[in-house]
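Keep the sequence and the 3D view open side by side as you read.

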Amino acid sequence: MTDLDAAIREIASARTLLVALDFDGVLAPLVDVPSESRPLPESAAALGSLATLPGTVVALVSGRGLADLAATSGFGTPIRLVGSHGGEFDDGGAVLDDDQRALLDALTAEVTALVDGEPGVKLEHKPAGIAVHVRGTGPEVGPRVLDAVRTGPAARPGVDATPGKDVLDLAVLQVNKGMAVDVLRERVGADAVLFAGDDVTDETAFARLGPGDVGVKVGDGDTVAGHRVAGPPDVARVLELLLATRSQA
């Protein structure tokens with residue numbers, strides 16, 4: 001039995017358990033076209049069953065906009081959805097004041113003009129921001145575009161920039177996944193949290209975990225998570241073990 005297996009078996013006995021996971025690179029393999037991303041069937045089945053168990057809350061915590069996350073993942077009630085790095089919860093969207101709305105309009109116009117004509121670059125519009133995706137672009141395009149956005153629109157006062165894998169998220173609200181996990185934990189009264197993520201944006205969530213919680217880093221890269229797996233197929237195995245163990249608890 002691995003250390004992770006032992007941790008999963010232990011957390012499976014929590015009275016109220018929050019299972020929170022990033023989507024891309026965790027439940028779904030990374031793809032060049034974000035709209036084509038889909039969860040692995042094994043993970044989807046395990047999550048669906050976990051969400052029906054007593055005292056078990058399942059949530060996706062993603063950088064994707066809430067509507068995009070719902071459409072791409074195929075998940076809905078009883079699985080909770082949190083989009084835009086915690087800027088959107090499925091029980092209420094992002095709320096902007098007049099100044100933030102004006103800033104978002106100006107930010108969107110500037111980013112759109114900046115990336116216009118750049119081959120392969122995709123923009124994702126969100127209620128509280130905009131994301132610049134460069135996955136699948138050539139090596140001469142992606143770094144240049146992200147650097148231009150980082151030193152231009154992202155440097156505006158009031159803009160919160162969150163770098164990820166081949167993406168730069170810009171928001172007019174300061175949010176992160178650590179905050180989102182804290183909010184979920186409090187709302188559902190969780191005694192323990194399992195969080196899995198693959199990106200640098202997930203580190204804020206790993207950093208909020210405490211004794212009795214389990215953090216699982218998916219893939220390479222520095223992390224403060226206590227455990228690591230290689231990729232989405234391993235996440236499916238973890239979820240299946242959690243389901244089997246908690247079902248018998």
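## A strand covered on both faces

Take a look at β2: T56, V58 and L60 on one side are buried, and so are V57, A59 and V61 on the other. That makes six of six residues buried in this strand, which covers residues 56–61. "Buried" has a set meaning here: under 20% relative accessible area, with exposed being over 50% and partly exposed in between (1.4 Å probe, protein chains only). Helices (H or I, at least four residues) and strands (E, at least two) are DSSP runs, numbered from the N terminus.

A quick word on where this comes from: the model is predicted, so local features need pLDDT of at least 70 and side-chain atom pairs count only at pLDDT 80 or more, while totals for chains, interfaces and linings use all residues. Residues are numbered from 1 along each chain as its sequence is written, and side-chain values use heavy atoms, with hydrogens and water left out.

## The sheet around it

Which strands sit in the open sheet with β2, and in what order? There are seven, running β4-β3-β2-β1-β9-β10-β11, with mixed pairing. β4 and β11 (227–229) stand at the edges with a single partner strand each, so one side of each has no neighbour in the sheet. Two strands count as a pair if DSSP finds at least two bridges between them. Strands of a sheet pair through backbone hydrogen bonds, either parallel or antiparallel.

Now zoom in on β1, residues 17–21. Five bridges join β1 to β2, and the two run parallel; V19 has V58 as its bridge partner in β2. β1 also pairs with β9 (residues 192–197) in the parallel sense, over five bridges. There, A20 stands opposite F195.

## Another enclosed strand

Strand β6 (residues 129–133) has five of its five residues buried, so it is largely enclosed by the rest of the structure. Both faces are covered, with G129, A131 and H133 on one side and I130 and V132 on the other.

What are the pairing partners of β6? One is β5 (residues 122–126), which pairs with β6 in the antiparallel sense over five bridges. A hairpin joins β5 to β6 through two residues, and H125 has I130 as its bridge partner in β6. Five bridges also join β6 to β8 (residues 167–171), again antiparallel, and H133 stands opposite V167 in β8.

Most residues other than glycine have a negative phi, and most peptide bonds are trans. With that in mind, check the bond between T77 and P78: this one is cis, with omega at about 10°. P78 lies in the loop between α3 (66–73) and β3 (80–83).

Next, move to the loop between β3 and β4 (88–89), where you'll find S84. S84 isn't a glycine, yet its phi is positive, about 55°. H85 is found in that loop between β3 and β4 too, and its phi is also positive, at about 55°. Are these residues buried or exposed? S84 is buried, with a relative accessible area of 8%, and H85 counts as buried at 7%.

## Two residues and what they touch

D5 is found in helix α1 (residues 3–11). At 13% relative accessibility, D5 counts as buried. Leaving aside residues up to four places away in sequence, D5 touches R237 and L241. Touching means contact, that is, heavy atoms within 4.5 Å.

R156 is in the loop between α5 (142–151) and β7 (160–164). R156 is partly exposed, with a relative accessible area of 29%. R156 touches L103, A106, L107 and E110, again not counting residues up to four places away in sequence. R156 and L107 are 49 residues apart in sequence, and their C-alpha atoms are 8.3 Å apart in space.

## The whole protein

Zooming out, the protein has eight helices and eleven strands. Buried residues make up 55% of its 249 residues. Along its principal axes, the C-alpha trace spans about 55 × 40 × 30 Å. Among contacts between residues at least 6 apart in sequence, 58% join residues at least 24 apart.
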